[in-house]
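Please keep the sequence and the 3D view open as you read.

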Amino acid sequence: MSMIRAFIALEIPPALQNIIAEHSAALQRDIPHAIRWVAAANIHLTLKFLGDTSPASLQGLIHSLSAVINQQEPFQISIGEFGLFPNPKRPRVLWIGIQAPPDLDRLYHAIETACARLGYPAEEKPFNPHLTLGRVREEADQTRLRPALQNYQIGQLGAIDVESVTLFRSDLRPQGPSYTALAHIPLAQLDS
Ligand code: 2AM
């Protein structure tokens, strides 16, 4: 049975994806060819990269995730400001930051623990929530890239109500990855 490349993420509403894409397009005019940009519809906040997962294990995975995600109350996050991995001197990944209450960290750790119980390797790096905008090409001229990124101000872009977590399937294709939502797992329902 062929494996599914899976990951768990928060979806970004299309209106915000489009605002982000406008910034990518503006930067692209300044630094053409330097960055492989993430398609607007593919921008998300990764919580856990699972990698190869057997289709037979998906129902169990969704069940275990639901049990912990259902315990968390909805919350709001804001997005804005640039960041660079691993450092601004030699950037490899360009991202937009997340401003979030401790709820996001709690959600992340609950998912990490549920996945560890199912045998997925624990993440070694500390959680650094971000939205990847693009990845710097090997051949990019860093002397042009750095000032362009440092001079471009992105500011605050908006807020997102986090009410569910999405399990995604990723299919790698020559023209770029294709992401398909396999399940939307809701946070706790608030009494109205
Ligand atoms: P990102 O959030 O930094 O972009 C789907 O591949 C998502 O899982 C990507 O958005 C990616 O990171 C994240 N991811 C984390 N670890 C990964 C890995 N080892 N291989 C591929 N993607 C990974």
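What follows covers the ligand site first, then selected residues and backbone features.

This is a predicted model. The ligand sits in the largest pocket. Strands β1 (4-11), β3 (44-53) and β6 (130-136) each give two or more residues to the shell around the ligand.

**Ligand shell**

- The residues around the ligand are R5, F7, H44, T46, F49, H130, T132, R135 and Y179.
- Sorted by class, this shell has three nonpolar, four polar and two charged residues.

- The side chain of H44 places an N or O atom 2.7 Å from an oxygen atom of the ligand.
- For T46, a polar side-chain atom lies 2.6 Å from a ligand oxygen atom.
- R135 has a polar side-chain atom 2.9 Å from an oxygen atom of the ligand.
- The ligand taken alone exposes 460 Å², and the protein buries 67% of that area.

- I35 belongs to strand β2 (residues 35-37).
- I35 counts as buried because its relative accessibility is 3%, and the cut-off for buried is under 20%.
- The C-alpha atoms of I35 and R137 are separated by 5.4 Å, although the two residues are 102 residues apart along the chain.
- T53 is part of strand β3.
- With a relative accessible area of 1%, T53 is buried too.
- A polar atom of the T53 side chain lies 3.0 Å from the backbone oxygen of G51.

**Backbone features**

- The peptide bond from F85 to P86 is cis, with omega near -10°.
- P86 is found in the loop between β4 (75-85) and β5 (93-99).
- H33 is not a glycine, yet it has a positive phi of about 70°.
- The loop between α1 (14-30) and β2 holds H33.
- H33 counts as exposed because its relative accessibility is 68%, and exposed means over 50%.
- E81, also a residue other than glycine, has a positive phi near 70°.
- E81 lies in strand β4.
- At 36% relative accessibility, E81 counts as partly exposed.

**Points to check in the view**

- Which side chains bring a polar atom to a ligand oxygen at 2.6 Å and at 2.9 Å? The side chain at 2.6 Å is T46, and the one at 2.9 Å is R135.
- Is H33 buried or exposed? H33 is exposed.
- Where is E81 placed? E81 is in strand β4.

Note on methods: Residues are numbered from 1 along each chain as its sequence is written. This is a predicted model: local features need pLDDT of at least 70, side-chain atom pairs count only at pLDDT 80 or more; totals for chains, interfaces and linings use all residues. Side-chain values use heavy atoms; hydrogens and water are left out. A residue is near a molecule or strand if one of its heavy atoms lies within 4 Å of it. A polar contact is a pair of N or O atoms within 3.5 Å; within protein, one must be able to donate a hydrogen and the other to accept it, and residues adjacent in sequence count only if both atoms are side-chain atoms. Accessible areas come from the Shrake-Rupley method with a 1.4 Å probe; for residues, only the protein chains shown count as cover. On a 1 Å grid over the protein atoms alone, a cavity is a set of points where a 1.4 Å probe fits but cannot get out, and a pocket is an open set with protein on both sides within 12 Å along at least five of seven lines; lining residues have an atom within 4 Å of a point. A molecule sits in a cavity or pocket if more than half of its atoms lie within 2 Å of its grid points. Helices (H or I, at least four residues) and strands (E, at least two) are DSSP runs, numbered from the N terminus. Ala, Val, Leu, Ile, Met, Phe, Trp, Tyr, Cys and Pro count as nonpolar, Asp, Glu, Lys and Arg as charged, and the others, Gly among them, as polar. Buried means under 20% relative accessible area, exposed over 50%, partly exposed in between (1.4 Å probe, protein chains only).
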